Protein chains: 2
Amino acid sequence: MTTATDAATDTAAILDGDRARTEILDAAAKAFMRKGYAAASIDDVAEVLGCTKGRIYHHYRSKADLFFDVHKRGMAMDLAAVRGCAKEGQAPLDRLFDMAVAHLLVIMNELAYQRVAVQGLEMHLAGQTTPEQRSTLREILALRDEYEGLFAAEIARAVEAGAIPAQEVGLVVKPFLGALNWTTIWYRQRRNQSQAERRRIAEQIARFALRGLGTTP
Amino acid sequence: MTTATDAATDTAAILDGDRARTEILDAAAKAFMRKGYAAASIDDVAEVLGCTKGRIYHHYRSKADLFFDVHKRGMAMDLAAVRGCAKEGQAPLDRLFDMAVAHLLVIMNELAYQRVAVQGLEMHLAGQTTPEQRSTLREILALRDEYEGLFAAEIARAVEAGAIPAQEVGLVVKPFLGALNWTTIWYRQRRNQSQAERRRIAEQIARFALRGLGTTP
DNA sequence: GCATTCAACGTACTCGGTAGTATGTTTGTC
DNA sequence: GACAAACATACTACCGAGTACGTTGAATGC
């Protein structure tokens, strides 16, 4: 099929291509975080990168596609972190705590992506003409529902285990995630803030959320 | 100074003016909620109103001023509701619960204004040229801090009263308000949803927030 | 070694949309 | 009947998304 050198150059090309796209995504996330998606221009993103629009439009067909990729990358970070922290034979409440802390650390460490991901999706559904873009939006919404489902399922297990009082899982998961996600609104990244300090903040917020469910510490 | 008729026409003019402005604000809140501030055009607002830009620019000098007024009106609703529900000789936790429920009911009943108020303020600080507008933004930020302070102060009183464990008030007030404000993100107004039903939802969320502080029900 | 080719950009442009304005037009009021 | 508030209409000026095309450097083939 392909020689060893072919494969090597191929993977190298792919990695380079991904790296180029990732750099663009990082810049886009920063620009979108500062001004918001609609107000930020492609030239703003290019200015963050220190280049011109040509580079961006060489890798992305439209501004909307760029936004979608930032959004999907942000959610992928969440899903990876929350799924990755699950351990075998863990009690539901312990697992919920770990999931919440993991989510909060991603928010604090990748604030730009997470802020963009929180920016309204539904509002963008209105002005989208291409069916392809509408399809992508539904896909992202599905990812979001799946993510919420991860927490909802764990809350349900905690109820079944009798660790917390019976309650409407579909309703309490909203303020639960709200307490976590609100961090994207007020939190400011500070240089020379250690990971330990961020973890301390994350654990306090996670404990608030766990107690909200009715845990008795 | 002025005759009685003068005063009467003056107040009538003011009331009419306020009513006209309020109608514009209502339409602007809806338009901004759907598309976001930057993406919504003045013509969109006019279309909601069933008129043309002329009417809007007759009452507001710029789009930014319109946004500011929507924002201020939204926060005024919050402040009025939260301050209005305070009763004499109430325990801190009871008062906190009532405040939370009042806030949530305002969110659900005036979703458009509250969604606009949650839309980022800081991002708009960037592109503002007029010093007057920057001044207005600082004013709104001060209002927001004052509002958060109302809840923070009550939480501090609850700590002093020994009703909840000692904790960093400045930190826990964030997830507390986050659990409440997140309602602006997920909640959808449904017709034929009674006030009683909304209150039931509000009380569940408020209870979540109260338990998050460490209350033992 | 040299021409070819193509990816990865930069440059210069078009064109539609939108904030804001300038100017009528109507309606009530004194 | 003058006058002004409360709009509508018609326009301008500009910004920004997207495009067409030029440029460069580096791999490729012979």
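**Contacts, copies and interface**

Modeller: A:Ala81 touches A:Ala102 and A:Val106, not counting residues up to four places away in sequence; contact means heavy atoms within 4.5 Å. This is a predicted model, in which local features need pLDDT of at least 70, side-chain atom pairs count only at pLDDT 80 or more, and totals for chains, interfaces and linings use all residues. Residues are numbered from 1 along each chain as its sequence is written, chains are lettered from A and ligands numbered from 1 in the order in which they are written, and side-chain values use heavy atoms, with hydrogens and water left out.

Biologist: In which helix is A:Ala81 found?

Modeller: A:Ala81 lies in helix 4 (residues 63–84) of chain A; helices (H or I, at least four residues) are DSSP runs, numbered from the N terminus. Its relative accessible area of 24% makes A:Ala81 partly exposed, a class between buried (under 20%) and exposed (over 50%), with a 1.4 Å probe and protein chains only.

Biologist: What area is buried between chain B and chain A?

Modeller: The size of an interface is often given as the accessible area lost when the parts come together. Between chain B and chain A about 3,100 Å² is buried (1.4 Å probe, summed over both parts), and carbon and sulfur atoms give 68% of this area. On the side of chain B, B:Trp182, B:Phe208 and B:Arg211 lose the most area to chain A, together 23% of what that side buries.

Biologist: Through which surface do the copies meet?

Modeller: In chain B, 35 residues are in contact with 35 residues of chain A. The copies meet through the same surface, because 100% of the interface residues of chain B are also interface residues in chain A.

Biologist: How many salt bridges does the rule find across the interface?

Modeller: A salt bridge is a side-chain nitrogen of Lys or Arg within 4 Å of a carboxyl oxygen of Asp or Glu. The rule finds two across the interface of chain B and chain A. B:Arg200 forms a salt bridge with A:Glu168, their closest N and O atoms being 2.8 Å apart.

Definitions and conventions: Buried area is the accessible area (1.4 Å probe) that two parts lose on being put together, summed over both. Helices (H or I, at least four residues) and strands (E, at least two) are DSSP runs, numbered from the N terminus.
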